[in-house]
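These are my notebook entries on a single protein chain. I set down what I looked up, entry by entry.

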Amino acid sequence: MTVNTVLDLIHQYGYLFFFLAFSLGPFGVPIPNEITILTGAILSRSGVINHWATYICILSGFLIAVTVAYCAGKLFGHGFKKKLSNNKHYLEAESILRKRGDVAMCIGMFIPVVRYFMPLLIGLSGIHYKKFALITYSSALLWTITFFALGTFFGNPILSLLHA
């Protein structure tokens, strides 16, 4: 995805683009989060779009996505668990969550793809919403701030790498 493509999408959908890119990301929208957040930060630094509106749309979309994934795990957990009970990847992930719980929930937010499956797994495992929200939302805030800051402060070198 190029910056021009993102600009076209922003012109067409406004800030809703960032919200949808992050809230629909786990449901098959093939837009890499890292590229989107870096591009949003770079464009906001250059004054093309509003810095705070972009960040708020990204964060709120991401929080909605992980919350929906958690709720899906809570609501449909029994059916999922039966289907996944013999899947070695699921069993390994469940074991890691059981052994490393809080740390796994935090680190999972920083790993592409895992950041969207981790909340589902947390919901399946029966972890209470308060604990999920405290750890996952804090981690999401840290992850989005980190990438947005990288794009804001190192945007020009990153942009030149993307055009190379």
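**Cysteines**

I searched the whole structure for disulfides (pairs of cysteine sulfur atoms within 2.5 Å) and found zero. The model is a predicted one: local features need pLDDT of at least 70, side-chain atom pairs count only at pLDDT 80 or more, and totals for chains, interfaces and linings use all residues. Residues are numbered from 1 along each chain as its sequence is written, and side-chain values use heavy atoms, with hydrogens and water left out.

For relative accessible area, buried means under 20%, exposed over 50%, and partly exposed in between, with a 1.4 Å probe and protein chains only. Cysteine 57 has a relative accessible area of 17% and is therefore buried. Cysteine 71, at 34%, counts as partly exposed.

**Overall make-up**

I counted the secondary structure next, taking helices (H or I, at least four residues) and strands (E, at least two) as DSSP runs numbered from the N terminus. The chain has nine helices and zero strands. Of its 164 residues, 42% are buried.

I also checked contacts, meaning heavy atoms within 4.5 Å. Of those between residues at least 6 apart in sequence, 75% join residues at least 24 apart. The chain exposes about 9200 Å², and carbon and sulfur atoms supply 69% of that area; accessible areas come from the Shrake-Rupley method with a 1.4 Å probe, and for residues only the protein chains shown count as cover.

I searched for salt bridges (a side-chain nitrogen of Lys or Arg within 4 Å of a carboxyl oxygen of Asp or Glu) and found one in the whole structure. Glutamate 34 pairs with arginine 115, and their closest N and O atoms are 2.6 Å apart. Because glutamate 34 lies in helix 3 and arginine 115 in helix 7, the pair ties together parts that are 81 residues apart in sequence. I noted that both partners are buried.

Threonine 36 also belongs to helix 3, residues 33-45. I recorded threonine 36 as buried because its relative accessibility is 1%. Beyond its neighbours within four places in sequence, threonine 36 contacts Phe17, Phe18, Ala21, Phe22 and Ile31.

The buried residues of helix 7 include Tyr116, Met118, Leu121 and Ile122. Glycine 126 follows helix 7 and has a positive phi, near 85°.

**Surface**

I looked for patches, which are built from residues with over 30% relative accessible area and no salt bridge; like charges are joined within 9 Å, and nonpolar side chains (Val, Leu, Ile, Met, Phe, Trp, Tyr) within 5 Å. Tyr13, Leu16, Leu20, Leu24, Phe27, Ile64 and Val68 form a nonpolar one, with about 600 Å² of accessible area together. Helix 2 (16-23) and helix 4 (51-75) are the elements that give two or more residues to this patch. Tyrosine 13 sits in helix 1, residues 3-13, and counts as partly exposed at 43% relative accessibility.

Last, I looked up leucine 134 in helix 8, residues 129-153. Leucine 134 is exposed because its relative accessible area is 59%. Its C-alpha atom is separated by 10.0 Å from that of aspartate 102, 32 residues apart along the chain.
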